[in-house]
Amino acid sequence: MTPHRSGPRLSTVIMAHPRRRAAAEALGEAHPALAARVVTDPEPLGPPSALRTARLAWRSVSPDATHHLVLQDDAVLSPDFADTVAALAAARPRDAISLFTEWGSRTANAVRAAALLGHAWAPPVVDDYLPSVALVLPASLARGFEEYAAAKAAPDATDDVTLLDYLHDVDRVVPVAGPVDHANPPSLVGNDVMGPRSAACLAPAGDPGGTVLPAMRAVPYFCWWEQLAVVHLRDPASPGGWRRVPAEEALLERGIGRERVVAALRRALEGVPHRELIHERVSDVLLAEVWTTAYALGVVTRGLGGFPDLARPAARQALATLAPGALRRVVPVRRLAAAGELLFPLVAAAVLEGAADAETAVSPS
């Protein structure tokens with residue numbers, strides 16, 4: 001149990017497969033202020049299932065805790081993590097707080113928009129799962145998950161999708177300055193095909209009492225399964241409340257044609273360093289899709305009430321992960337960080353171009 005002055009009383013559990021128990025124990029020992037307990041899969045010889053362990057982890061709430069934190073064994077925690085998470089829980093005491101958002105998720109672009117506009121929090125997550133590498137819930141909600149999962153979850157359900165279903169009417173938020181990264185060990189449940197899943201925005205702790213980005217009605221996204229720029233549009237009639245359209249179509253609805261987007265990319269390429277190396281490392285097709293995603297992010301950010309400010313450290317950190325998060329399945333892991341550095345000037349230029357064009361575009365009648 002970790003008290004934080006007069007604030008939340010936090011209980012912490014690290015969930016692990018028995019094969020990773022040593023990693024889980026090492027994580028707890030590295031952060032003694034958490035007083036974390038380790039729980040392992042109760043059926044380790046059964047079919048791979050994080051949900052089995054999650055059910056045990058979420059019901060293991062200390063009796064006098066106000067909040068419960070569940071960490072997965074491959075979480076990487078920032079220094080002073082116990083103080084950081086207590087401050088976050090104190091600022092949003094009734095919310096579900098995901099402390100990790102992976103760099104290629106839809107939620108990552110909500111974090112990027114929030115960072116660009118100086119908000120401390122991203123709005124409720126917009127993926128079809130709840131990021132659960134590190135998740136904090138009010139104790140009463142944590143205790144209720146076991147009963148819900150036992151009654152509602154399918155035998156092959158995942159823990160992150162089940163948590164999203166369970167918390168459907170709870171405010172779900174993500175701090176822009178993320179205090180958790182992902183170690184990316186070999187997956188026990190078949191997720192290696194997704195490529196590395198690192199944090200969207202590892203940044204120094206911000207102001208937990210800061211503002212929340214307004215609810216997004218459009219979320220640009222680089223679909224890394226198909227290597228395409230798309231936009232998810234809020235649509236209550238669609239499954240999950242979101243409708244996916246090609247980014248080109250979403251931009252055209254805002255009065256921005258494909259020619260304008262491509263012309264902006266050509267101009268940007270003339271001025272960036274290492275242009276030849278960019279063309280050597282990333283195909284023109286993929287480069288155009290990454291550019292379009294970042295450009296659409298600029299358009300959407302401008303529509304949320306401000307012009308993107310790349311002078312903010314969190315904004316630069318968040319944008320620096322856009323290209324690696326997009327290309328993690330097609331660029332070798334050993335070259336991914338370098339590719340991100342190489343493409344950052346283009347990503348930044350695309351965001352600014354999109355925001356500027358959003359101010360002058362005229363939507364077709």
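These notes go through a few features of the structure, point by point.

1. Basis. This is a predicted model, in which local features need pLDDT of at least 70 and side-chain atom pairs count only at pLDDT 80 or more, while totals for chains, interfaces and linings use all residues. Residues are numbered from 1 along each chain as its sequence is written, and side-chain values use heavy atoms, with hydrogens and water left out.

2. Helix H4. Helices and strands here are DSSP runs, numbered from the N terminus (helices: H or I, at least four residues; strands: E, at least two). Buried means under 20% relative accessible area, exposed means over 50%, and partly exposed lies in between (1.4 Å probe, protein chains only). The buried residues of H4 include Arg106 and Arg112 as well as Val111 and Leu116. Just after H4, Gly118 has a positive phi of about 80°.

3. Strand E11. This strand (residues 218-223) is mostly covered, with 6 of its 6 residues buried. Ala218, Pro220 and Phe222 point one way from E11, Val219, Tyr221 and Cys223 point the other way, and both sets are buried.

4. Two strands pair if DSSP finds at least two bridges between them. Strand E12 (residues 228-234) runs antiparallel to E11, and 6 bridges join the two. In this pairing, Pro220 stands opposite Val231 in E12. The two strands form a hairpin with 4 residues between them, and Gln227 in the turn has a positive phi of about 60°.

5. A salt bridge is a side-chain nitrogen of Lys or Arg within 4 Å of a carboxyl oxygen of Asp or Glu. The structure holds 17 of these salt bridges. One of them joins the side chains of Arg55 and Glu146, at 3.1 Å from N to O. The pair links distant parts of the chain, with Arg55 in helix H2 (residues 50-59) and Glu146 in helix H5 (residues 139-152), 91 residues apart. Arg55 is partly exposed, at 26% relative accessible area, whereas Glu146 is buried, at 18%.

6. A second such pair. Glu353 forms a salt bridge with Arg267, the closest N and O atoms being 3.4 Å apart. This pair also links distant parts of the chain: Glu353 is in helix H13 (residues 333-360) and Arg267 in helix H8 (residues 258-271), 86 residues apart. Glu353 counts as partly exposed at 23% relative accessibility, and Arg267 counts as partly exposed at 49%.

7. Other salt bridges. Arg312 forms a salt bridge with Asp309, with the closest N and O atoms 3.6 Å apart. Arg312 is partly exposed at 31% relative accessibility, as is Asp309 at 29%. Elsewhere, salt bridges that share partners join Arg20, Asp73 and Asp74 into one network.

8. A patch of negative charge. Glu248, Glu249, Glu253 and Glu259 gather in a negative patch on the surface. Patches are made of residues with over 30% relative accessible area and no salt bridge, like charges being joined within 9 Å and nonpolar side chains (Val, Leu, Ile, Met, Phe, Trp, Tyr) within 5 Å. Helix H7 (residues 247-253) gives the largest share of the patch, 3 residues. Glu248 is found in H7 and is partly exposed, with a relative accessible area of 45%.

Conventions: Accessible areas come from the Shrake-Rupley method with a 1.4 Å probe; for residues, only the protein chains shown count as cover. Lys and Arg count as positive and Asp and Glu as negative; His and the chain ends are not counted. The place of a charge is taken as NZ of Lys, CZ of Arg, CG of Asp or CD of Glu.
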